[in-house]
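Subject: Structure handover

Hello,

Here is the structure I promised to pass on. Please open it next to this email; my notes follow below.

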Amino acid sequence: MSDKRQRARVQGSWAKPLPKQPQRPTEGCAFPSNPVANLKPSWGVGQHAFEFHQSTQPVKLIPSEKVIEKDGDHEVSNGPSGVSRLRLFTEFLPVEEADWMFSKLLAELPWSQKTNYRQGESYGEPRLTCWYGELPYTYAHSTMEANTQWHPLLLTLRQAVDSASGSSFNSLLCNLYRNESDSIGWHSDDEASLGIKPTIASLSLGDTRVFSLRKKPPPEENGDYTYMERLRVPLAHGTLLLMEGATQDDWQHQVAKEYHSRGPRINLTFRTIYPEPAGCRHGGQTLTSGTAPVLSTQHHQRLL
Ligand SMILES: O=C(O)CCC(=O)C(=O)O
């Protein structure tokens, strides 16, 4: 047998069987960063065997996405910045009331498409919005002006959300997702104007969309989210979701585009806005006297 053929057979059917791989954990998938690097050939002198040694490097797990759909309090993490908590009320509004409110808000709110800026380029958000509050709200280098003309229905909803959350919201960002192509990209609601550890109350009306969260990676991951925990919360008609504690410090959230057809959805996010002291980060920028504005990483990521 020629040398070449002999080598091929040793590496194929005649090679020693691989040592048993450890069982894959059930809660996630194991993907070594370089699978080939874990298989070290060792050729014995005069011996036609190919042995594989298990790498001593720890195998990193990709955690499987968890779904949150039960009412109640969900402590999603507890790290150095404190507890991150979601509180879910799936039947916050009775269906008939929610139906009526949805039609009214869809028809009567002053919806428009906001233009944001990224690296000097402008882009239209893939959804419609409107803003209510005594103070303006700036994110992605573009400002929504103060608007104190609250729709009466929004004032009623604000009262109901205040009592459920124990907060006292003074502002509201309304989002309208016209169909499956509308979305909001990964971001945290962590502008300085929202204060420290803000509570955000999100009320959904219309078609169900998936609200996803991903944990922010530690510095050694260099911005790589691959191995970070992920959550999905389906937000159906009439559902209230509260994000509390360190959620904005430690997690990002998004509503992704979908590949199946979706009807319109309105999301009302009640917030408390504070006047920003001079020199503070302002809607995605750190303003320090005498220097050019510096982009905050997180808000750089509120791309769409
Ligand atoms: O539509 C949603 O559920 C999320 C909206 C959101 O993330 C935001 O307004 O910051």
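**An enclosed strand**

Start with strand E18 (residues 265–271): six of its seven residues are buried, so E18 is largely enclosed by the rest of the structure. Buried means that 20 or more other C-beta atoms lie within 10 Å of a residue's own; exposed means 12 or fewer, partly exposed is in between, and C-beta atoms are placed from the backbone. Strands (E, at least two residues) and helices (H or I, at least four) are DSSP runs, numbered from the N terminus.

Before you go further, note that this is a predicted model: local features need pLDDT of at least 70, side-chain atom pairs count only at pLDDT 80 or more, and totals for chains, interfaces and linings use all residues. Residue numbers start from 1 along each chain as its sequence is written.

**Overall picture**

The protein has five helices and 20 strands. It has 304 residues, of which 28% count as buried. Take the contacts between residues at least 6 apart in sequence: 74% of them join residues at least 24 apart. A contact means that two C-beta atoms, placed from the backbone, lie within 7 Å.

**Partners of E18**

Two strands pair if DSSP finds at least two bridges between them. E18 pairs with E11 in the antiparallel sense, over seven bridges. In that pairing, Ser171 is opposite Arg271 of E18. E13 (residues 200–206) also runs antiparallel to E18, and six bridges join them. There, Gly206 has Arg265 of E18 as its bridge partner.

**The core**

The largest nonpolar core holds 44 residues. Such a core is a set of buried Ala, Val, Leu, Ile, Met, Phe, Trp, Tyr and Cys residues joined through C-beta atoms within 7 Å. Ala201 and Leu241 have the most contacts inside this core. Strand E11 (residues 171–177) gives the core its largest share, five residues. Leaving aside residues up to four places away in sequence, Ala201 touches Val161, Ser165, Ser167, Phe169, Leu240, Leu242 and Phe270.

**Around the ligand**

Which residues are around the ligand? They are Leu173, Asn175, Ile184, Asp189, Ser202, Phe211, Leu235, His253, Val255, Asn267 and Thr269. The cut-off is a C-beta atom, placed from the backbone, within 6 Å of the molecule. E11, strand E17 (251–255) and E18 each supply at least two residues of this shell. By type, the shell has five nonpolar residues, five polar and one charged. Here Ala, Val, Leu, Ile, Met, Phe, Trp, Tyr, Cys and Pro count as nonpolar, Asp, Glu, Lys and Arg as charged, and the others, Gly among them, as polar.

**An open sheet**

Five strands form an open sheet with mixed pairing, in the order E3-E15-E14-E17-E12. Strand E3 (66–67) and E12 stand at the edges with a single partner strand each, so one side of each has no neighbour in the sheet. E14 and E15 run antiparallel and are joined by six bridges. Ser212 has Arg232 in E15 as its bridge partner.

**Two loop residues to look at**

Most residues other than glycine have a negative phi. Lys197 is not a glycine, yet has a positive phi of about 45 degrees. Lys197 lies in the loop between strand E12 (184–187) and E13. It counts as partly exposed, with 16 C-beta neighbours inside 10 Å.

Asn222 is not a glycine either, and its phi is positive, about 50 degrees. Asn222 sits in the loop between strand E14 (209–215) and strand E15 (230–235). With 7 other C-beta atoms within 10 Å, Asn222 is exposed.

Best wishes
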